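Student: Please take a close look at one loop in this model. Then connect the view to the other parts worth checking.

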Amino acid sequence: MREVDSGQGSSGATGPQEPVLVVGAGPVGLVAGIELARRGVDVRLVDKAAGPRPGSRGKGLQPRSVEVFDDLGVAGRVLATSRSRLAIRKYRGRVVLGTSDVVPGAPEPTPSTPYPRTVLLPQWRVEEILRERLADLGVTVEYGSELVGLTQHDGGVQALLHTASGSESGSFSYVVGCDGAYSTVRNLLETGFLGQTDETVRMLTADVEVSGLDRDFWHWWPSADGRLLALCPLAATDAFQMQVGVDADTVGELPIEQIQKLVEERSGRSDIRVRRVAWQSVWRFNVRMVDSYRAGRVFLAGDAAHVHAPAGGLGMNTGIQDAYNLGWKIAHVLEGAPEALLDTYEQERLPIAADVLNLSSELIAQRVRGVVPDGAHGNDTLQLKVRYPVSALNGSPRSEHAHVQAGDRAPDSQVFNPDGTAVRLFDLFRGPHTTVLAFGSHSSHTADALVRRFPEHLKSATLLPTAEPTTPHFTDREGSAHQDYGIAGDTLLVIRPDGYVGLRATDPSETDVLDYLRRFLPDQRSGR
């Protein structure tokens, strides 16, 4: 495809805009679509498949992704049909070798971390919930629509689609490729996909209905040759997800008789009977990532940008957070924010993918040996510690001593309304806006002045240690917010739309904070 000047350093386009094209309707593409649509961006979401894909595929949502879903308004639906407490039970034949938690040492919920545990939910259900949310926003996935060509030009992208009604050429402001490991978007960009493939390591993943096992445990049969058999009950279904090591020459779908044979050989038991195979796929060891997330007006996210070993639920979760990071930035630029904002997507997310590739590879090596992740690695998979220490969106210097600072996840906490009712900080953050948290009267005056300048994109909340009846401020009467954020004096924090701290300032200057906000907030004088 022809490369064009990305306009870096200039202001984003103004006036009427062409829609954004999202390619791929898995969890990553659906989150991208939701992020854009809830900000009023015209978005088309296409997928070459005839309809929603079956199968559990990824089955674990990590706590940080649940926080993302909280902001998107679907956490309740996710938690209602999922499972967060499930022990792994290891066997040799019928002999129980031991039992341990999925994430050893996972904490209980706290005011700062309301979702501390991995949530088990089959991917098809995650996608179903996200499609429902997308439909609430007036967008429907266009299945049976395949992207076959891309050409960039000044101010847009021309895309050629093959749909059920024939070929169609459309003009789009941006294109987001969320179309998986065999991404058409990546191939059209001719972007390198660097890494390694080991054809000798293969694993069958299948959704099966079985008899002879209870649904209270995730059942593991490790073996000396590294060919683990694992059967995990899928919440709100009659199925188990089965993972089992297979021979290097295994390709295509296996007949149920061969799957039954694998179960008997690896478990040493004949009482576990496979009654039905609903879906199956053979995974091979394939760990790769691109060297660039952006080519002009085209972006890559999720498996289109990085593929991981299927351990720790890291692939789907990292992709969800890619889309969450990118969506608000595209929307802001379309409204007049500086084009350079889009450069921070790769700057922030590419290092995360590199770290995840290393961690997931180590975890899959342990899993095929039947090793339960230890507490340290388990906590790494939760992704609550993901941060952006080196980012152009960090408006204040980082310090070894600050508890929560620019580039860090903004924790939740509980404060109180003037009438005494409790409210979570996540309730205040939820939505497409940026939030200014003011701890103290001086920061409160600064925050109020900033909101008057950016009424469409900025909201503020003042947190005081004790109630003041004449003000509408929140009261941190239990001190949890001050403790969670490490506040010792009058302090202002800017919370980005994706729930990360952008700036932390003591005794803040309105001018300095205003200069920072202009890095990423749309110019109020322009618009779509």
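Tutor: Start with Arg57, in the loop between β2 and β3 (60–61). Helices (H or I, at least four residues) and strands (E, at least two) are DSSP runs, numbered from the N terminus. This is a predicted model, in which local features need pLDDT of at least 70, side-chain atom pairs count only at pLDDT 80 or more, and totals for chains, interfaces and linings use all residues. Residues are numbered from 1 along each chain as its sequence is written, and side-chain values use heavy atoms, with hydrogens and water left out.

Back to the backbone. Arg57 is not a glycine, yet its phi is positive, at about 45°. Most residues other than glycine have a negative phi. Arg57 counts as partly exposed because its relative accessibility is 36%. The cut-offs are these: buried is under 20% relative accessible area, exposed is over 50%, and partly exposed is in between (1.4 Å probe, protein chains only).

Ala236 also has a positive phi without being a glycine, with a value near 60°. Ala236 sits in the loop between β14 (229–233) and β15 (240–246). With a relative accessible area of 71%, Ala236 is exposed.

One more loop. Gly212 lies between β12 (193–211) and β13 (217–221). Its relative accessibility is 42%, so Gly212 is partly exposed. Asp271 is 59 residues away from Gly212 in sequence, but their C-alpha atoms are 5.8 Å apart in space. Beyond neighbours within four places in sequence, Gly212 contacts Arg269, Asp271 and Ile272. Contact here means heavy atoms within 4.5 Å.

Now two strand residues. Gln280 belongs to strand β16 (residues 273–290). Gln280 is buried because its relative accessibility is 10%. A polar atom of the Gln280 side chain lies 2.8 Å from the backbone nitrogen of Leu254. A polar contact is a pair of N or O atoms within 3.5 Å; within protein, one must be able to donate a hydrogen and the other to accept it, and residues adjacent in sequence count only if both atoms are side-chain atoms. Outside the four places on either side in sequence, the contacts of Gln280 include Leu204, Thr205, Ala206, Gly252, Glu253, Leu254 and Ile259.

Arg294 is in strand β17 (residues 294–295). At 14% relative accessible area, Arg294 is buried. Its side chain places a polar atom 2.7 Å from the backbone oxygen of Gly296.

Next, a helix. Eleven of the eleven residues of α1 (residues 27–37) are buried, so α1 is largely enclosed by the rest of the structure. Among the elements covering the buried residues of α1 are β2 (43–47), α2, α4 (123–136) and α7 (314–334). β2 is also one boundary of the loop that holds Arg57.

On a 1 Å grid over the protein atoms alone, a cavity is a set of points where a 1.4 Å probe fits but cannot get out; a pocket is an open set with protein on both sides within 12 Å along at least five of seven lines; lining residues have an atom within 4 Å of a point. Grid points are joined across faces, edges and corners, and a volume is the space filled by probe spheres set on the points.

The largest cavity has a volume of about 150 Å³. It has 14 lining residues, and Asp71, Tyr324, Phe426, Phe429 and Gly499 are the closest to its centre. α2 (63–72) and α10 (425–429) each supply at least two lining residues. α2 gives the most, with four. By class, this lining has six nonpolar, one polar and seven charged residues. Ala, Val, Leu, Ile, Met, Phe, Trp, Tyr, Cys and Pro count as nonpolar, Asp, Glu, Lys and Arg as charged, and the others, Gly among them, as polar.

The second largest cavity holds about 70 Å³. Its lining includes Ser84, Arg85, Asp101 and Arg117. Five of its lining residues are nonpolar, two polar and three charged.

Finally, an open site. The second largest pocket has a volume of about 450 Å³. Of its 18 lining residues, Thr113, Leu384, Lys385, Arg409 and Pro411 are the closest to its centre. The lining comprises seven nonpolar, six polar and five charged residues.
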